[in-house]
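Have a look at the sequence and the structure first, and then read my points alongside them.

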Amino acid sequence: KQAVTALVNEMNVDGQDPKVKFGLARYDGSASNGGYVVVPADLNNKTSLLAAVATLPASGSTPLSETLVDVGRYLAGSSLLGSYTQYNKSTSGATVAASSAPQSPVTTKCDKVFAIVVTDGLPTADANDHHGTAFSTTFGAYIDGDGDYTDDVAAYLFDTDLRPSIEEKQNAITYTVGFSLDSPLLQHIADRGDGEHYSSSDADELAAVLSTAVTDILRRNAT
C-alpha cells in the first residue's frame with residue numbers, strides 16, 4: 001500500500017496535469033475466482049485510487065493467470081477476449097450485467113496499454129476453470145508447456161489486437177514485480193509479454209522499482 005501510494009503521488013502530482021492513466025485490479029483470492037477491476041483506469045481517479053489501495057487486504061490466494069485473463073477481458077470490452085464473455089464484474093467483485101461493469105478504457109489509438117503484475121507469491125487457486133473451456137480455446141496456441149499459464153496469457157495479450165474496431169493494434173504489454181519474491185516465472189511472464197521484470201525486498205525498494213517500471217512505460221509510450 002505504501003509503495004503504490006508513493007507511486008501514484010509521484011506520477012500524478014496534485015495541482016499538476018496527471019501523467020498516467022492508472023487503474024487498479026486485485027486478486028479475488030477469497031473466492032478463488034480470478035480477479036476484478038477495483039478502480040477503472042482514468043486520468044482523474046487519484047482520490048478513489050488511493051482510497052481503494054488503502055483498503056486492499058494483504059491476504060488471500062494469488063490466481064495470477066486468471067486475474068490477468070480478467071484484466072484482458074476488461075481491456076477488450078465489447079470486442080471480447082477470444083472465447084470469453086464480455087467483462088461482467090463490479091468494482092466489488094460481484095457478477096453483474098456487462099453493461100453495468102467497468103467498460104474498456106481503450107477508446108482511441110493513443111491509448112497504449114500496460115499491465116503491471118505485482119505479487120508476493122507464486123500462482124495459487126489458479127486453475128483457469130472459472131470461465132469453463134474459454135481458456136483452452138482462447139490461449140491454446142500460446143501454451144508453452146512449462147506448467148504455468150500466466151506467461152501464456154501475457155504472450156496472447158501482447159500478440160493480439162484487443163480492440164480491433166480502433167485504428168492500429170491495441171495490444172497490452174505486461175510488466176512483473178515480485179515483492180519478497182524473485183522467481184524465474186515472473187521474468188518469463190515479462191519476457192513473453194514484452195515487458196520488464198523487477199524484484200524488491202521491502203516497501204522502499206518496491207516503491208523504487210514501481211517508479212522505475214512506470215518511468216520505462218512512459219518512455220515507451222512516447223516513442
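The points below cover salt bridges and one asparagine.

1. Please keep in mind that this is a predicted model. Every value in my points is computed from that model.

2. Let's begin with charge. Side chains of opposite charge can pair when their charged atoms come close. Across the whole structure, a search turns up twelve salt bridges. I have picked out a few of them to look at with you.

3. Start with Asp-14 and Lys-46, whose side chains form a salt bridge with an N to O distance of 2.9 Å. Asp-14 sits in the loop between helix H1 (2–11) and strand S1 (22–27), while Lys-46 belongs to helix H2 (residues 46–55), so this pair ties together parts that lie 32 residues apart in sequence. Are the two partners buried or exposed? Asp-14 is exposed, because its relative accessible area is 61%. Lys-46 has a relative accessibility of 15%, so it counts as buried, the cut-off being under 20%.

4. Next, find Arg-192 and Asp-152. Their salt bridge has its closest N and O atoms 2.5 Å apart. Arg-192 is in helix H6 (residues 184–192) and Asp-152 is in helix H5, so the bridge ties together parts that are 40 residues apart in sequence. Asp-152 counts as buried because its relative accessibility is 0%.

5. Now turn to Lys-112 and Glu-168, which meet through their side chains in a salt bridge of 3.8 Å, N to O. This pair links distant parts of the chain, 56 residues apart: Lys-112 is in the loop between helix H3 (64–76) and S3, and Glu-168 is in the loop between helix H5 (150–159) and strand S4 (172–179). Lys-112 is partly exposed, with a relative accessible area of 43%, and Glu-168 is also partly exposed, at 44%. Which residues make up the network of salt bridges here? They are Lys-109, Lys-112, Glu-167 and Glu-168.

6. What does the side chain of Asn-128 make a polar contact with? The partner is the side chain of Ser-65, at 2.9 Å. If you set aside neighbours within four places in sequence, Asn-128 is in contact with Ser-65, Glu-66, Val-69, Phe-135 and Tyr-149.

Definitions and conventions. Residues are numbered from 1 along each chain as its sequence is written. This is a predicted model: local features need pLDDT of at least 70, side-chain atom pairs count only at pLDDT 80 or more; totals for chains, interfaces and linings use all residues. Side-chain values use heavy atoms; hydrogens and water are left out. A polar contact is a pair of N or O atoms within 3.5 Å; within protein, one must be able to donate a hydrogen and the other to accept it, and residues adjacent in sequence count only if both atoms are side-chain atoms. Contact means heavy atoms within 4.5 Å. A salt bridge is a side-chain nitrogen of Lys or Arg within 4 Å of a carboxyl oxygen of Asp or Glu. Helices (H or I, at least four residues) and strands (E, at least two) are DSSP runs, numbered from the N terminus. Buried means under 20% relative accessible area, exposed over 50%, partly exposed in between (1.4 Å probe, protein chains only).
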